[in-house]
Amino acid sequence: MSDGTVTTVSSNGTYTFTKPNREGITLLTGLGVEGDVHAGVTVKHRSRVAQDPTQPNLRQVHLIHAELFDDVAGAGFEVAPGDLGENVTTRGIDLLGLPTGTRLHLGAEAVVEVTGLRNPCAQIDTFRHGLLKQVLGRDENGEIVRKAGIMGIVLSGGEVRPGDPIRAELPEGPHRPLERV
């Protein structure tokens, strides 16, 4: 499993689809990104709050691979870091291939445990009509393939900045493929 690099960090204190890029973000243990609308112990995504506001927040940090932007550009879509609401944009690490429970060491101190895949929603088509089909597809067996990044929880807080290294620490035991969270 190759390691990677943080290319961009983003956060927003209000509910909007995109998140502005920042010079750095602070990850807070057990909460998420300081000042971000999705930070908290319990779920903050509106659709999940409507279902059950007491469920744990397994989506404290959203990471997306910059290689996805390269792929969708080939289909005519211009997407930049932060546009899909991610907090951390990466390059050089196969986020979608990581097993559940992987610990991502970001920069000098921060550690994020991977909880699962982001489930892309219809808001992506509102942002760029037709983009949802690029980030949500089917494999050769007809199974749904989600490509819009991964979600995680903050195990150890710290500053994260563009250029920081990312090191993946795989969990013990069998590989548990990521599922949507």
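The legends below refer to a predicted model.

Figure 1. The C-alpha atoms fill a box of roughly 35 × 35 × 35 Å along the principal axes. A compact globule of 181 residues would have a radius of gyration near 16 Å, and the 15 Å of the protein chain agrees with this. Of the 181 residues, 46% count as buried. Contacts between residues at least 6 apart in sequence were also examined, and 68% of them join residues at least 24 apart. The chain carries 18 positive and 23 negative side chains. The centres of these two sets lie 7 Å apart.

**Figure 2. The aromatic pair of Phe17 and Phe127.** The structure holds one aromatic pair. Phe17 and Phe127 form this pair in a tilted arrangement, with 5.7 Å from centre to centre and 40 degrees between the planes. Phe17 lies in the loop between β1 (4–10) and β2 (21–22), whereas Phe127 belongs to helix α3 (residues 123–127), so the pair ties together parts that are 110 residues apart in sequence. Phe17 has a relative accessible area of 19% and is buried, because the cut-off for this class is under 20%.

**Figure 3. Thr14, in the loop between β1 and β2.** Thr14 is partly exposed, and its relative accessible area is 46%. Phe69 is 55 residues from Thr14 along the chain. The C-alpha atoms of Thr14 and Phe69 are separated by 24 Å.

**Figure 4. Thr126, in helix α3.** Thr126 counts as exposed, with a relative accessibility of 70%. Exposed means over 50%, so the value for Thr126 falls in that class. Thr126 and Met151 are 25 residues apart in sequence. From C-alpha to C-alpha, Thr126 and Met151 are 22 Å apart in space.

**Figure 5. Asn57 and the residues it touches.** Asn57 is placed in the loop between α1 (46–51) and β5 (61–65). The relative accessible area of Asn57 is 2%, and the residue is therefore buried. Not counting residues up to four places away in sequence, Asn57 touches Leu31, Ile153 and a run of residues made up of His38, Ala39, Gly40, Val41, Thr42, Val43 and Lys44. His45 lies 12 residues from Asn57 along the chain, and the C-alpha atoms of Asn57 and His45 are separated by 8.7 Å.

**Figure 6. Val160, in strand β12 (residues 158–160).** Val160 counts as buried, at 0% relative accessibility. Leaving aside neighbours within four places in sequence, Val160 is in contact with Val6, Val9, Gly24, Ile25, Leu27, Leu106 and Ala110. Of these partners, Val6 and Val9 fall within the residue range of strand β1 (4–10). Gly74 is 86 residues from Val160 along the chain. The C-alpha atoms of Val160 and Gly74 are separated by 30 Å.

Methods. Residues numbered from 1 in each chain as written. Predicted model: local features only at pLDDT ≥ 70, side-chain atom pairs only at ≥ 80, totals over all residues. Heavy atoms only, no water. Rg over C-alpha atoms; globule rule 2.2 N^0.38 Å. Buried < 20%, exposed > 50% of the residue type's maximum accessible area, 1.4 Å probe, protein only. Contact = heavy atoms within 4.5 Å. Lys, Arg positive; Asp, Glu negative; His and termini not counted. Charge placed at Lys NZ, Arg CZ, Asp CG, Glu CD. Phe/Tyr/Trp six-rings, centres within 6.5 Å; stacked < 30°, edge-to-face > 60°. Helix = DSSP H or I, 4+ residues; strand = E, 2+ residues; numbered from the N terminus.
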